[in-house]
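Reader: I have a model open and would like to go through parts of it with you. Shall we begin?

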Amino acid sequence: MDSSSSRKLLGFRQIAQEKLQHVFYSIPSEKDLIIDPALIKPLEHVCGASWLRKKGIDKIFKFDPKNPPPKRMQFVYLITSSLLTFKSVLDQISGYQSQTSSLMEPDIRNKQYHVVVLPSVLASFEHLLEEEGLHGIVELYNFHWDFLQLDESILSLELPNVFADVYVRKDTTPLGSIAQSIRIFNLVMGKPHLVFSLGENAEKILQMVLRMESKQRSNAMASPVTGNDNNKADQNSAKDPEYAAMLIMDRDRDYPACLLTPVVYCGLLLEIQTLNSGSLIIDDDANKIKTGKLAFLQQPDLTPSPSKQESSSLRMSGTQDMIYLEHRYRHFSEVIGLLSSQAKALGLEGKAYSREMKLHEMKDYVTNKLPKVAAVKKELFKHLRLCETIVEEIGANFEKHQMIEESILTNTNRKQIMNYILELLSSDAHKYNTLRLICLYHVTIGLTGEDMTKLMSTYINAFGYRHLALFYNLFQARLFPDTTNISKTKMLSQISIPTLKTPFQIEANKLKQLPTDSNESVSTSGSDRDAGLSTVTPSGINMAKACPSYVFNGNYIPLVTQLTHMIFAASSFDNLNTRLGHLERLKVSGRVLQGDCQGSVDTFPTPRTIKELSASCHKAALNQLFPLREKTMFIFIVGGITYAEIAACHLLERNIGAKIVLSSDRIIAGRDLIESIVNC
């Protein structure tokens with residue numbers, strides 16, 4: 001990524017600081033900050049403790065509903081837009097109010113309690129404030145940090161529960177905050193020539209962004225005071241954008257990329273440990289595999305450990321961890337051997353510097369070299385601990401599990417797949433990962449009524465009947481059949497004619513996402529593979545594995561990667577129509593369409609499908625854009641992005657010499673997606 005784009009991406013932090021500073025400056029005198037623990041890590045990407053103290057924050061506390069901090073001065077609460085959390089905050093404030101003298105009337109001009117809500121204050125907050133009798137005592141503020149840069153070319157909004165709210169509860173409230181952030185992105189980076197949206201929610205976000213930009217433009221033109229601002233906005237829209245194209249995609253358009261088990265190192269790290277704003281929690285006593293299994297299925301560790309290791313964290317950022325940068329996109333089978341060799345090299349390096357050294361050489365080594373070696377050893381030890389956990393928790397059944405996933409994708413060995421899932425539920429049941437495999441089976445092949453009933457009853461027998469409503473939530477997210485009409489499902493399964501290709505396979509083959517089903521895939525020549533040639537980039541990608549499907553052991557190419565590749569590879573708009581015209585949910589907008597056939601400016605262009613545009617007056621202008629002179633794209637996935645998708649896109653980026661920035665509301669693994677539905 002060039003320096004100008006990198007500097008502009010870092011500018012989002014400055015924008016977030018300006019927003020937060022504006023909130024703090026609107027609250028006079030000193031104040032204490034009480035922050036929701038879930039927001040501590042994300043806030044570190046915006047500012048530090050010293051910056052907060054310069055803005056008038058005296059002391060910083062973690063929010064704990066049961067243990068409120070001592071009341072000294074004004075309190076500023078920083079919380080997420082969760083109604084339960086807000087209720088706990090109001091209960092705490094009511095407790096402080098009851099401690100004051102009942103004879104003293106509260107001074108509503110100088111409020112003592114301020115609640116900053118991320119990303120926005122909900123209407124239900126205002127109603128609850130009145131019901132609790134605290135209206136006029138508590139002041140509410142909106143705050144959203146927009147994009148946080150977690151790594152090079154990786155951004156995140158760090159919004160909690162977007163998938164559960166949007167896809168399960170059908171609550172589209174978070175889409176407004178996402179649209180606002182993308183509007184800010186357009187202001188900073190310039191509006192792309194082409195904006196693609198795939199999915200219902202992605203289309204809603206795109207329409208919101210267009211309405212916001214149209215309203216801002218019309219307000220600026222109507223107000224004579226803001227004439228200069230209007231000229232600046234016009235100049236900003238006239239300059240060349242940093243990214244030629246933007247792609248906004250719904251998570252439910254490509255569930256397999258989230259439900260399949262990745263083989264790249266960074267993807268497997270999220271399978272075993274929790275990620276919080278780019279920091280991976282390393283805890284040997286608790287990981288995602290252990291916490292998801294039934295207690296009686298877990299083998300107790302009878303061997304006493306010599307010393308209990310404290311939980312630590314690992315920054316999954318190539319700019320801060322060179323070991324992670326080197327290995328993050330490698331196949332996991334390569335990582336262990338390379339880390340072991342690295343550990344041996346560090347040991348030999350220490351011995352080499354200790355032999356026959358003169359006094360000044362020893363002093364220089366202890367002062368300069370030794371601290372660096374010790375720091376590298378400490379980071380290397382973290383990676384070795386994580387690799388050991390992956391082998392212990394996943395390694396035993398990994399190959400068999402990969403074979404079952406390949407069978408699911410290719411629609412072969414259905415009986416073997418069902419037997420494997422039922423065996424897992426009876427002998428090695430995992431609350432989330434087993435359900436994840438069931439959902440993958442339904443999304444790709446489709447569950448019959450008989451299989452659905454069998455899997456539901458076995459899962460409920462294993463984990464309890466309280467999970468009965470869970471399957472309705474899965475149905476809402478299109479991950480399970482309709483459980484409210486089982487008799488109809490059984491009838492349809494009895495009269496259905498067995499097909500060699502499922503709808504998923506037909507669609508995936510059109511887009512060449514299944515290398516195992518299609519001979520046409522992006523790969524290196526056979527002579528290179530036979531010769532065993534491999535060129536490794538600084539990011540740890542083996543360039544001999546030129547097909548992005550390597551992130552799933554050669555079984556599947558993520559949809560977002562394939563769409564990006566087809567957009568970059570299109571020689572003309574007609575060629576793009578041939579490749580992607582069958583996707584009815586793929587809508588196109590952008591700067592190139594902000595004008596009608598007569599040349600006048602259309603302030604609110606309606607997104608249209610590729611087929612519609614190929615028959616419109618915009619076709620000539622669109623054909624002039626292709627092939628894209630600059631292969632640059634900004635990608636946003638609504639509902640979470642996985643490291644497998646990130647690795648596949650970055651491999652494509654290096655193969656074709658493109659520049660791709662990926663972002664989402666948060667980075668997830670398949671287990672996280674299922675857990676959000678279970679806890680919905």
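Reader: Where is Thr-483 found?

Author: Thr-483 is found in the loop between H20 and helix H21 (486–495); helices here are DSSP runs (H or I, at least four residues), numbered from the N terminus. This is a predicted model, in which local features need pLDDT of at least 70, side-chain atom pairs count only at pLDDT 80 or more, and totals for chains, interfaces and linings use all residues. Residues are numbered from 1 along each chain as its sequence is written, and side-chain values use heavy atoms, with hydrogens and water left out.

Reader: Is Thr-483 buried or exposed?

Author: Thr-483 is buried, at a relative accessible area of 18%. Buried means under 20% relative accessible area, exposed over 50%, and partly exposed in between (1.4 Å probe, protein chains only).

Reader: Which residues is Thr-483 in contact with?

Author: Leaving aside neighbours within four places in sequence, they are Met-452, Met-456, Phe-471 and Tyr-472. Contact means heavy atoms within 4.5 Å.

Reader: Turning to helix H29, how many of its residues are buried?

Author: Eight of the nine residues in H29 (670–678) are buried, so the helix is largely enclosed by the rest of the structure. Among the buried ones are Arg-671, Asp-672 and Leu-673.

Reader: What covers them?

Author: The cover includes helix H6 (162–168), helix H11 (265–272) and helix H20 (470–476).

Reader: And what does Leu-673 touch?

Author: Not counting residues up to four places away in sequence, Leu-673 touches Phe-163, Arg-251, Tyr-255, Cys-258, Leu-259, Leu-479 and Ile-668.

Conventions
Helix = DSSP H or I, 4+ residues; strand = E, 2+ residues; numbered from the N terminus.
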